[in-house]
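Dear colleague,

Please find below the structure that I am handing over to you.

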Amino acid sequence: MARVVVCRGFYATTPYYEKQIGKNLYSIEELCYFIRENACVLDKELMNQALVDWIDEELDFAQLARGLRAQMKSGASLATFVSLIFDEIDYLLPEEKEQVLQLIRENAKLSPKEKGKRRADFLVKEGRYMAAIRQYETIIKDSDLSQDFKSALYYNIGICYAKMFLFGQALPYLEKAYRCNPAPGMLIPYLVALRMELSEEAYRDKVLTDISMIENSSKAEGIWRAVMEQWKVSEEKKQLDDIRQLAADGKMKAYYQKQEELVYGLKEEFRRNRQEA
């Protein structure tokens with residue numbers, strides 16, 4: 001059974017907006033949960049006056065706020081700052097708290113570009129692909145990058161576009177990733193994206209221009225076929241098939257209603273990604 005956390009203090013009338021996740025926080029427990037779940041990407045931006053004032057004025061933790069202000073004034077580490085928040089409400093067991101603090105300490109040792117990539121990787125896991133792409137592209141502007149690191153950035157941008165089914169936009173990045181690091185692990189995703197974007201004839205003509213592509217094309221083809229098989233049994237395809245069946249059965253009112261619901265959901269997802277971009 002999961003450990004129960006009893007809430008303390010007040011539920012804020014005015015929430016604290018945490019820009020890293022794009023969400024409002026309403027309680028000290030929500031703040032602790034955010035810290036725990038995002039420990040590997042947090043940096044000293046969390047130590048800011050607005051957060052401490054919110055803890056003081058909205059949550060009525062005046063003593064905690066005084067301690068946090070003292071930590072900020074003394075130049076304390078983020079791990080020390082966070083530890084004070086955890087200790088105030090006994091949010092985690094000692095071993096859980098130490099794991100979180102260790103992640104924060106490890107992140108503090110990374111270079112700015114490594115921190116940026118880790119943050120972008122986190123955004124990918126959250127499904128916030130356009131925000132991740134923006135972060136990756138900012139890092140790529142750094143001229144002092146190894147070929148392997150640059151390849152990883154290009155690869156991740158390409159994968160973000162592919163996850164949004166924008167294979168045409170994914171292709172140049174996946175190709176750059178392969179050119180920076182000509183390994184099968186970089187080539188095969190590029191070939192799969194080519195297969196998704198191009199006609200069968202155009203794909204074959206492209207593959208025949210490169211001996212490495214020829215050697216890896218059968219594996220890429222197998223992955224492509226597996227993806228197509230997964231699509232056939234996916235919930236998304238079932239949803240589309242159900243909508244088509246409504247039209248075939250002459251249930252036009254239900255057909256247009258389901259169609260509008262689907263389009264609305266896609267529009268909302270598109271708007272969210274555009275706002276983050």
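A network of salt bridges links Asp53, Asp56 and Arg69. Please note that the model is a predicted one. In total, the structure contains 16 salt bridges. Side chains of opposite charge can pair when their charged atoms come close.

Three further pairs deserve a description. In the first, Asp121 bridges to Lys117, with 2.9 Å between the closest N and O atoms. Because Asp121 and Lys117 are 4 residues apart in helix H6, about one helical turn separates them. Lys117 is buried, at a relative accessible area of 19%, whereas Asp121 is partly exposed, at 23%. The cut-off for burial is under 20%, so Lys117 falls within the buried class at 19%.

In helix H12, Glu221 and Arg225 are 4 residues apart and therefore about one helical turn from each other. Their side chains form a salt bridge with an N to O distance of 3.3 Å. Glu221 counts as buried, its relative accessibility being 17%.

The remaining pair belongs to helix H14, which spans residues 252-276. Here Glu261 and Lys258 are 3 residues apart, so that about one helical turn lies between them. The side chains of Glu261 and Lys258 meet in a salt bridge at 3.9 Å, N to O. Both residues are partly exposed, Glu261 with a relative accessible area of 44% and Lys258 with one of 42%.

I turn now to the packing. The largest nonpolar core has 40 residues, of which Tyr136 and Leu191 touch the most other members. Two or more residues of this core come from each of helices H6 (112-125), H7 (129-140), H8, H9 (167-180), H10 (184-197), H11 (200-207) and H12 (211-232). Another core, of 34 residues, lies apart from it and includes Ile35, Leu68, Leu78 and Phe81.

Leaving aside residues up to four places away in sequence, Tyr136 touches Lys117, Ala120, Asp121, Val124, Leu153, Asn156, Ile157 and Cys160. Among these contacts are Lys117 and Asp121, the two partners of the 2.9 Å salt bridge.

What does Asn156 touch, not counting residues up to four places away in sequence? Its contacts are Lys117, Asp121 and Tyr136. Asn156 is part of helix H8, residues 147-163, and is buried, with a relative accessible area of 15%.

With kind regards

Technical notes
Residues are numbered from 1 along each chain as its sequence is written. This is a predicted model: local features need pLDDT of at least 70, side-chain atom pairs count only at pLDDT 80 or more; totals for chains, interfaces and linings use all residues. Side-chain values use heavy atoms; hydrogens and water are left out. Buried means under 20% relative accessible area, exposed over 50%, partly exposed in between (1.4 Å probe, protein chains only). Contact means heavy atoms within 4.5 Å. A nonpolar core is a set of buried Ala, Val, Leu, Ile, Met, Phe, Trp, Tyr and Cys residues joined through side-chain atoms within 4.5 Å. A salt bridge is a side-chain nitrogen of Lys or Arg within 4 Å of a carboxyl oxygen of Asp or Glu.
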